[in-house]
Amino acid sequence: MKKRTFLFRGVIGLVLVSLGGAAVAATNVRAIALAASDDGAGLSLDLTAGTSYKLFHLDHPYRVVVDLRDARLDHRVHLPAAAGSVEAIRAGVHAPGELRVVLELKAPLPAHAEWTASAQGPRLLVKVGTAQVAPQPDAHRTTLPVRIEHAPPDTGREVMIAVDA
């Protein structure tokens, strides 16, 4: 009987710890904005915390895809209407804990993304095409810390990485 009670308490404890860790780890996408023209577009994703992302292209139809790891779309966020070179915008869960944002384009255009900072937190800017129409971040631009998966817990010390070639 003691073994069964101990085992039951251990399983319940592991479940609670795993649920608590999953709730803390998720990054929320608080806002999405689109600025577009005929030769490009800029998509701005405002997040509660920095996270890793993957940006790539797909054909037939032409799409730019952004996968955000450990992220979810806040329930209050509404996707902006398509405009300019963007034919449609959609977002949803791609894999457990991974948010996918897709821009469907009218023609194939190059794309790149960069992190900036806003007064509310990290912002991922996705620039598509040659137009300089990306939503402008706050004038105060700072460097964002990078969250490294294998890093030790925050101890208040700065981490220095040295490469010896």
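Mentor: We'll take the sheets, then the salt bridges. This is a predicted model, so local features need pLDDT of at least 70 and side-chain atom pairs count only at pLDDT 80 or more, while totals for chains, interfaces and linings use all residues. Residues are numbered from 1 along each chain as its sequence is written, and side-chain values use heavy atoms, with hydrogens and water left out.

Trainee: What is the order of the open sheet of 5 strands?
Mentor: The order is S5-S1-S2-S9-S8, with mixed pairing. Strands are DSSP runs (E, at least two residues), numbered from the N terminus. Two of them pair if DSSP finds at least two bridges between them.

Trainee: Which are the edge strands there?
Mentor: Strand S5 (71–73) and strand S8 (111–118), each pairing on one side only.

Trainee: How many bridges join S1 to S5?
Mentor: 3 bridges, and the two strands run parallel. S1 covers residues 27–37. Asn28 stands opposite Arg72 in S5.

Trainee: And the sheet of 4 strands, what's its order?
Mentor: S3-S4-S7-S6, open, with antiparallel pairing.

Trainee: Why is one side of S3 and of S6 left without a neighbour in the sheet?
Mentor: Strand S3 (53–58) and strand S6 (86–95) stand at the edges with a single partner strand each, so one side of each has no neighbour in the sheet.

Trainee: What joins S6 to S7?
Mentor: 8 bridges, with the strands running antiparallel. S7 spans residues 98–105. Arg90 has Val102 in S7 as its bridge partner.

Trainee: New topic. How many salt bridges?
Mentor: The count comes to 5. The rule asks for a side-chain nitrogen of Lys or Arg within 4 Å of a carboxyl oxygen of Asp or Glu.

Trainee: Which residue does Glu104 pair with?
Mentor: Glu104 forms a salt bridge with Arg90, the closest N and O atoms being 3.2 Å apart. This pair links distant parts of the chain, Glu104 in strand S7 and Arg90 in strand S6, 14 residues apart.

Trainee: Is Glu104 buried or exposed?
Mentor: Buried, at 16% relative accessibility. Buried means under 20% relative accessible area, exposed over 50%, partly exposed in between (1.4 Å probe, protein chains only). Arg90 is partly exposed at 37%.

Trainee: What about Arg76, which residue does it bridge to?
Mentor: Asp74, with the closest N and O atoms 3.1 Å apart. Arg76 is exposed at 61%, whereas Asp74 is buried at 10%.

Trainee: And Lys127?
Mentor: The Lys127 side chain meets that of Glu114 in a salt bridge, 3.9 Å from N to O. Lys127 lies in strand S9 (residues 121–129) and Glu114 in strand S8, 13 residues apart.
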